[in-house]
Amino acid sequence: MSGPAGVRLGTPSGRAVVAAATLGSGMTLLDGTVVNVALVRIGEDLDASLAQLQWITNGYLLSLASLILLGGSLGDQFGRRRVFVVGTVWFALASLACGLAPNAETLIAARVLQGVGGALLTPGSLAMIQGAFVPEDRPRAIGAWSGLGGIATAVGPFVGGVLVDHASWRWIFLVNLPLAAVTVLVALRSVPETRDPGASGRLDVAGAVLATLGLAGTTYALIQWGGDLAPVAAVLAVLALVAFVVVERRRSDPMLDPALFADRTFSAANAMTLLVYAALGAVMFFLVLQLQTVGGYAALAAGTATLPVTVCMLLLAARGGALGARIGPRIPMTVGPLVMAAGVLLLLAVGEDVDYLRDVLPGLTVFGLGLALMVAPLTATVLAAAPDQQAGLASGVNNAVARAGSLLAVAALPVAVGLGGDQYADPVALDAAYRTAMIACAGLLALGGAVSWVLVRSDVLEE
């Protein structure tokens, strides 16, 4: 890496690095969840179908997941701070386009462009921390970043509810502009530049294109399942993903180095990430719709309902990182998803006669406790299992897997539980689909915990 990794966590420069990284990644995480609260209002305002609403969510996740590996590689080659700043500016401009979109098709296109900006800035946010801090401070810095980033994810529905009810759904995108301005200012003034000195400087365009085609085809096939083009898209997706693996194995400087997955812990942590974040994305998607369509909540009330998750992340995520550093990540990464699964099962009580204190608060509190326990140890494990010079790539892989998990779950679960067309606005149809979806999410979380217990080493953070 260029420049020494000598920043300490408690110093002004250390706080500035965490602040810039958190603000940047927080915007992308916020936009991954804030839209859920506004979907009903967007659907009414733009006369959008369920498939279009899914694409408003998934268009963003698709480009983010597809290109985030390329973003991590670009940061390692040309400077993590530089690519982070470029991505932040791009994200802000795309957010402006989202806020001004006159119809559903334009909004979907702008969301795709938002995801491109997110793919540039997200891996850089974590790689800047890994590259700037002294090794002994990295777990705590990552814990702080994870906790604050988790808050951005969890607070999204609340922010969305306030803006939708008291302003307009368009402000959920326009609010990114001042956040981006502050992020760029802090990054340019206070974050040291780091990069991988061994990077070749050549871009893996073929890998990026094939990864995008593979995820796009999969997503289209799931959302449009039953349509004439869905089988064709599924076949093309499989072919593109197979070709991606072949290309990456043959290149001397691949976007995704297959050698990373030779480490069992790295592979296990990413498999667990796929399962857990698939459940996380689906839970938030279905819960907010359930509260509004079946429970009769306004957008603000539905968003406010998720605050227990935010509180748990704010108070406990950094402590979860410290616990993982002390006892090893295996136990937190096993127990955390199991606690989250218990919380999801408690949320089965959410229905037509929903009572917040009885039906919503207990489930979301338990869910938030499990998330706070798991997030920081998971992130630290992924980075510890990869070489330091590939911090950007490792971060990109894990972020891509997380976004792909949410992407595929939001695309597949509505189809799997029999929800289509405009049934998201039908209380009877949505209520039945919600319960099936929650049980499926609990199963994914339990499986994620089992993967961690069997395959993650407790001593990986000590190496």
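**Aromatic pairs, confidence and a nonpolar patch**

Visitor: How many aromatic pairs does the structure hold?
Guide: The model is a predicted one. Its aromatic pairs number 4.

Visitor: How are the rings of tryptophan 169 and phenylalanine 173 arranged?
Guide: A pair of aromatic rings is described by the distance of the centres and the angle of the planes. Tryptophan 169 and phenylalanine 173 are both buried. Their ring centres lie 6.4 Å apart and their planes meet at 85 degrees; planes over 60 degrees apart count as edge-to-face, so this pair is edge-to-face.

Visitor: What is the angle between the ring planes of phenylalanine 285 and phenylalanine 286?
Guide: Phenylalanine 285 is buried, as is phenylalanine 286. The centres of their rings are 5.5 Å apart, and the pair is edge-to-face because the planes stand at 80 degrees.

Visitor: Which element of the protein has the lowest mean pLDDT?
Guide: The protein averages a pLDDT of 83, and 90% of the residues score at least 70. Among the elements, helix α13 (residues 330–346) has the highest mean, 96, whereas the lowest, 71, belongs to helix α5 (residues 138–166).

Visitor: Which helix gives the most to the nonpolar patch?
Guide: The surface patch covers about 510 Å², and its residues include Leu148, Val311 and Leu369. With 4 residues, the most is given by helix α12 (residues 307–327).

Visitor: Is leucine 316 buried or partly exposed?
Guide: Leucine 316 is found in helix α12 and is one of the residues that make the nonpolar patch. Because its relative accessibility is 31%, leucine 316 counts as partly exposed.

How values were computed:
Residues numbered from 1 in each chain as written. Predicted model: local features only at pLDDT ≥ 70, side-chain atom pairs only at ≥ 80, totals over all residues. Heavy atoms only, no water. Phe/Tyr/Trp six-rings, centres within 6.5 Å; stacked < 30°, edge-to-face > 60°. Buried < 20%, exposed > 50% of the residue type's maximum accessible area, 1.4 Å probe, protein only. pLDDT = per-residue confidence, 0-100. Helix = DSSP H or I, 4+ residues; strand = E, 2+ residues; numbered from the N terminus. Patch = residues over 30% accessible without salt bridge, like charges linked within 9 Å, V, L, I, M, F, W, Y side chains within 5 Å. Areas by Shrake-Rupley, 256 points an atom, 1.4 Å probe, with all protein chains shown as cover. Salt bridge = Lys/Arg side-chain N within 4 Å of Asp/Glu carboxyl O.
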